[in-house]
Amino acid sequence: MYAALRPLLFTLPPAQAHRVAMLALAPVERSALLARTVRALLGAPSDRLAVDAMGLRFPSPVGIAGGFDKNGDRPRALAALGFGFVEVGTVTAEAQGPNPSPNLFRLPDDRALVNRLGFPNEGAERVAARLRAMGGSRGIGVPLAVSIGKSRSVPLAPIDAVIADYIQSFDAVRSVADFVIVNVSSPNTKGLRALQDPAAARELLGELARRAKDAHLPLLLKIAPDLDEPDVDAILGVVREVRLQGVVCANTSIRREGLRTSSAEVERIGAGGLSGPPLYPRALDLVRRARAALGPRATVIGVGGIERTAQVREMLEAGADLVQIYTGFIYEGPLLPTRIARELGGALEREGIHRVTALGAAGETALGAPGLSH
Ligand SMILES: Cc1cc2nc3c(=O)[nH]c(=O)nc-3n(C[C@H](O)[C@H](O)[C@H](O)COP(=O)(O)O)c2cc1C
């Protein structure tokens with residue numbers, strides 16, 4: 001059915017299509033009965049797909065990625081569609097609007113998007129209050145992550161002001177999130193990615209990690225796919241050093257190589273973060289590196305260009321505990337999480353694999369680290 005609707009939806013500018021999709025999800029969000037009915041019609045994921053990570057139980061390893069539900073407006077509807085966890089945000093301490101439009105573009109030939117939205121959100125306090133009012137993850141039905149970022153108005157120096165800004169967001173969401181993801185990797189907030197430099201990252205993440213430990217809250221870092229190899233090693237070193245629970249690999253890319261879309265069109269679209277299938281190989285590679293660097297107990301979430309069950313499986317085999325999808329959801333439609341859950345559950349059953357987490361062991365062996373399990 002989405003195949004029939006998509007051409008219609010794609011006649012709208014992307015930002016407007018997003019609003020239409022959010023409107024379509026509104027009734028499911030508001031009515032617990034409707035959410036249960038949708039859930040029942042789509043079918044609950046097989047028990048084989050359950051993942052235990054960070055002390056939480058995920059009914060499926062496939063979550064909705066950061067940025068789709070920036071204000072926590074639709075988490076129950078997204079859970080009803082079969083996502084095994086929901087990430088809300090990125091939120092910032094200060095409420096802020098989007099960058100000037102147009103700020104979101106489709107590249108249909110690549111099944112990709114470019115966005116330069118820049119963390120539009122109602123502010124961490126307000127979003128946290130909304131999530132609290134729905135009962136947090138208990139009300140939503142699946143684990144709830146909140147992504148925190150830097151307010152646009154806060155300059156990068158001095159770092160103390162940046163840290164204070166992140167702490168304000170962290171403190172706002174700590175009582176309602178099941179885990180928090182620190183976003184220092186969006187290309188759309190000027191200079192943000194400089195916070196991935198080891199010295200700055202150590203200060204910022206060290207402080208946030210101390211607070212997260214006091215709050216018994218898992219804290220993850222989301223990294224950019226554009227870091228070169230030494231920088232990846234350095235940031236993973238900081239993650240280990242300050243004892244974060246894990247990483248999310250990866251955010252959108254400022255690179256544009258290897259696209260089918262004409263270079264004139266790419267030029268016309270201009271700056272922003274590229275998402276979708278062109279990201280997949282790099283995201284997979286980062287998942288492998290993160291697992292190897294952080295060891296079996298860390299949580300690794302793979303995101304970037306996933307739109308098929310085989311890719312979810314490959315990510316899990318490469319060492320991801322969980323995966324997330326954004327752009328694939330736009331191109332494939334609302335049934336995607338259920339389709340993947342059904343196909344993956346079916347494959348596990350046929351192969352006599354009792355838990356999806358067993359797939360990770362294959363990845364570790366392939367990495368040459370037999371005997372490790374997570
Ligand atoms: C329109 C749009 C907005 C996004 N906003 C955020 C955001 O606020 N925070 C974040 O961490 N990632 C954000 N992302 C990045 C996604 O979470 C994800 O890392 C990236 O799109 C790669 O996954 P995909 O190929 O499945 O889309 C956004 C992506 C898109 C397309």
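How do the residues of the shell around the ligand divide into nonpolar, polar and charged? They divide into ten nonpolar, 13 polar and two charged. Here Ala, Val, Leu, Ile, Met, Phe, Trp, Tyr, Cys and Pro count as nonpolar, Asp, Glu, Lys and Arg as charged, and the others, Gly among them, as polar.

This is a predicted model, in which local features need pLDDT of at least 70 and side-chain atom pairs count only at pLDDT 80 or more, while totals for chains, interfaces and linings use all residues. Residues are numbered from 1 along each chain as its sequence is written, and side-chain values use heavy atoms, with hydrogens and water left out.

There are 25 residues around the ligand, and Gly66, Thr90, Gly276, Gly305 and Thr327 come nearest; a residue is near if one of its heavy atoms lies within 4 Å of the molecule. Polar contacts (pairs of N or O atoms within 3.5 Å) can be found here too. The side chain of lysine 222 has an N or O atom 2.8 Å from an oxygen atom of the ligand. A polar backbone atom of glycine 305 lies 2.7 Å from a ligand oxygen, and for an N or O atom in the side chain of threonine 327 the distance to a ligand oxygen is 2.6 Å. Taken alone, the ligand exposes 600 Å², and the protein buries 98% of that; such areas come from the Shrake-Rupley method with a 1.4 Å probe.

Strand 3 (62-69), strand 4 (85-91) and strand 6 (112-115) each give two or more residues to this shell. Strand 3 gives the most, with three residues.

Serine 60 counts as buried because its relative accessibility is 2%, and buried means under 20% relative accessible area (1.4 Å probe, protein chains only). A polar atom of the serine 60 side chain lies 3.1 Å from the backbone nitrogen of valine 62.

Now take the whole protein. It has 15 helices and 13 strands, which are DSSP runs (H or I of at least four residues for helices, E of at least two for strands), numbered from the N terminus. Its radius of gyration is 19 Å, close to the 21 Å that the globule rule gives for 374 residues, so the protein is as compact as a globular protein of that length. The radius is taken over C-alpha atoms, and the rule is 2.2 Å times the number of residues to the power 0.38. Of the 374 residues, 57% count as buried.

Terms used:
Polar contact = N/O pair within 3.5 Å; in protein donor to acceptor, adjacent residues only side chain to side chain. Buried < 20%, exposed > 50% of the residue type's maximum accessible area, 1.4 Å probe, protein only.
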